[in-house]
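Please open the model in a viewer and keep the selection tool at hand. The stops below may be taken in order.

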Amino acid sequence: MKILTAPHMERCIGCHSCSLACARLVHKKLSWESAGIRIRSAGGLSTGFYAVRCLGCADPFCVAACPTGALIRRRGGGVLLREKKCIQCGDCVQACPVEGIVQDRDGRIYVCLQCGQCVDYCPHDCLEMREARSVEPGEVIA
């Protein structure tokens, strides 16, 4: 099972192609708010960018915080959202230490599903899917 990593963010130009691909292909929306991966400036154009996404935690805090069981652990790391069970309370958003889950202004929850569709849309190969077992526990790949 693979998880999404961002090992080459020094190449990122902040085009947001990955975010828009995620919103359009995965979540069937075209909005910055509905992407499971988001690109943010590290503080200015000269300091680069970083990817905000689910890190594929082995024991995710968001799953523990979900009162309805809408978030479930994904085998190999990360989470899956069962939208029909989600009551949009936002507890998972608050529980994620890396802001990997977002809630739009309508209350809908968006999380990176570790599907890797964004990888093909990154023009500078900043993102990659990596076998979860090759990532050490606690290791964060940019």
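Begin by selecting the largest nonpolar core of this predicted model. This core has 29 residues, and Met 9, Ile 37, Leu 71 and Leu 127 are those with the most contacts inside it. Now colour helix 1 (17-26), strand 3 (49-52), strand 5 (79-81) and strand 7 (109-111): these are the elements that give two or more residues to the core. Helix 1 supplies the largest share, three residues. In soluble globular proteins, nonpolar side chains tend to be buried together.

Next, centre the view on Ile 37. Leaving aside residues up to four places away in sequence, Ile 37 touches Leu 4, Cys 18, Ser 19, Cys 22, Ala 51, Val 52, Arg 53, Cys 118 and Leu 127.

Move on to helix 1 and display its buried residues, which are Cys 18, Ser 19, Ala 21, Cys 22 and Ala 23. Against which element do the buried residues of helix 1 pack? They pack against strand 2. Then select Lys 28, which follows helix 1 and has a positive phi, near 55°.

The charged side chains come next. A search of the whole structure finds four salt bridges; three of them are visited here.

- Select Arg 105 and Glu 33, whose closest N and O atoms are 3.0 Å apart in a salt bridge. Because Arg 105 belongs to the loop between strand 6 (101-103) and strand 7, and Glu 33 to the loop between helix 1 and strand 2 (38-41), the pair ties together parts 72 residues apart in sequence. Arg 105 is exposed, at 71% relative accessible area, whereas Glu 33 is partly exposed at 29%.
- Select Arg 40 and Glu 99, whose side chains form a salt bridge with an N to O distance of 2.7 Å. Arg 40 is in strand 2 and Glu 99 is in the loop between helix 3 (91-95) and strand 6, so this pair ties together parts 59 residues apart in sequence. Both count as partly exposed, Arg 40 at 30% relative accessibility and Glu 99 at 44%.
- Select Arg 130 and Glu 128, which form a salt bridge with closest N and O atoms 3.5 Å apart. Arg 130 is partly exposed with a relative accessible area of 23%, and Glu 128 is partly exposed with 28%.

Return to the loop between strand 6 and strand 7 and select Asp 104. Asp 104 does have a polar contact of 3.4 Å, side chain to side chain, with Tyr 110. Not counting residues up to four places away in sequence, Asp 104 touches Glu 33 and Tyr 110; Glu 33 is also the salt-bridge partner of Arg 105.

Finally, zoom out to the protein chain. There are three helices and eight strands, and from the N terminus the elements run β-α-β-β-α-β-β-α-β-β-β. The radius of gyration is 14 Å, close to the 14 Å given by the globule rule for 142 residues, so the chain is as compact as a globular protein of that length. Along the principal axes, the C-alpha atoms fill a box of roughly 40 × 35 × 25 Å. Of the 142 residues, 41% are buried. Among contacts with a separation of 6 or more, 56% are between residues 24 or more positions apart.

Key
Residues numbered from 1 in each chain as written. Predicted model: local features only at pLDDT ≥ 70, side-chain atom pairs only at ≥ 80, totals over all residues. Heavy atoms only, no water. Core = buried A, V, L, I, M, F, W, Y, C linked by side-chain atoms within 4.5 Å. Buried < 20%, exposed > 50% of the residue type's maximum accessible area, 1.4 Å probe, protein only. Helix = DSSP H or I, 4+ residues; strand = E, 2+ residues; numbered from the N terminus. Contact = heavy atoms within 4.5 Å. Polar contact = N/O pair within 3.5 Å; in protein donor to acceptor, adjacent residues only side chain to side chain. Rg over C-alpha atoms; globule rule 2.2 N^0.38 Å.
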